[in-house]
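Student: I have a chain open and want to learn how to read it. Where do we start?

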Amino acid sequence: MRLADGSSDGEWAQRAPRVDPLELARLARNASKPSAEEGRKRFAARELQMWWTPDNGMLNVRGQLPDVMGARFEQTITKLTEQMKPVRGQPWAPFDQRAADALVASCDVSDAEDEHAPSLGPMPVLQWQVPLLRRAVLLRDGCCRVPGCGRRRGLQVHHLVPRSRGGTDDIANLAAVCPAHHRLLIPHGLLALVGNPNLPDGLELVTAGRAPPSVVRA
């Protein structure tokens, strides 16, 4: 109703049932542009509140974001949440629980000032230990192998099964990932890439805490 007018009512009556609700909401927000003064008021009203409930040891979060900031936050969290598929054979966690996992996982990205910040993590070590394979991995993958990403710059080589858990330097255990997603993956992150990287669509992003992968599935 917020999108349709007299000239487009019939069109939206047919299109709307096939459009994702989040996309409809985004289109509706973009359909009515706020005035400059209203935009300043919305921006000034942005807030994020956090408080602990001592009885149950839970951190409560409440906030509001204006227009572009809200749309960016919603899109990022929704995309990460939808990528968190369970390991094959395991039940799906509710969307709100996976959204909480995605929000916590995104905190790892903000820890670094930029993609090339010094780190005690294993990423540079991986490049030094498998220099010959690195080129083969990048040639095979061409972009970040996290489903839905597709970034092509600054790619790093990731062990699907970490070497600390028995993973090898075989190319079937390696995948190219962007620095932002690399920080979210095991052994230091909450997520895991599982599957066969030799297939174009052979990898899935799952929550590592549910069942940390010990082998690469074909």
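Student: What span should the 17 residues of helix α4 have at 1.5 Å a residue?
Tutor: The expected span of a helix is 1.5 Å times one less than its number of residues. For α4 (residues 67-83) that gives 24 Å, and the end C-alpha atoms are 24 Å apart, which agrees. This is a predicted model: local features need pLDDT of at least 70, side-chain atom pairs count only at pLDDT 80 or more, and totals for chains, interfaces and linings use all residues. Residues are numbered from 1 along each chain as its sequence is written, and side-chain values use heavy atoms, leaving out hydrogens and water.

Student: Which residues of α4 are buried?
Tutor: Buried means under 20% relative accessible area, exposed over 50%, and partly exposed in between (1.4 Å probe, protein chains only). An α-helix has 3.6 residues a turn, so residues three or four places apart point the same way. In α4, the buried residues are I77, T78, L80, T81 and Q83.

Student: How many helices and strands does the protein chain have?
Tutor: Both are DSSP runs, numbered from the N terminus: helices are H or I with at least four residues, strands are E with at least two. Here there are eight helices and six strands. Their order along the sequence is α-α-α-β-β-α-α-α-α-β-β-α-β-β. Of the 218 residues, 30% are buried.

Student: Which residues touch the most other members of the largest nonpolar core?
Tutor: A nonpolar core is a set of buried Ala, Val, Leu, Ile, Met, Phe, Trp, Tyr and Cys residues joined through side-chain atoms within 4.5 Å. In this core of 23 residues, they are C144, V146 and L193. Two or more residues come from each of α5 (95-110), β4 (174-177), β5 (191-195) and β6 (203-207). The most come from β4, which gives four.

Student: What is L193 in contact with, beyond four places in sequence?
Tutor: Contact means heavy atoms within 4.5 Å. The partners of L193 include V146, L160, V177, L203 and L205. A second, separate core has six residues, among them V87, A192, V194 and A208.

Student: Where is H159, and what does its side chain join?
Tutor: H159 lies in strand β3. H159 is buried, at 4% relative accessible area. A polar contact of 2.7 Å joins its side chain to that of D169. Such a contact is a pair of N or O atoms within 3.5 Å; within protein, one must be able to donate a hydrogen and the other to accept it, and residues adjacent in sequence count only if both atoms are side-chain atoms.
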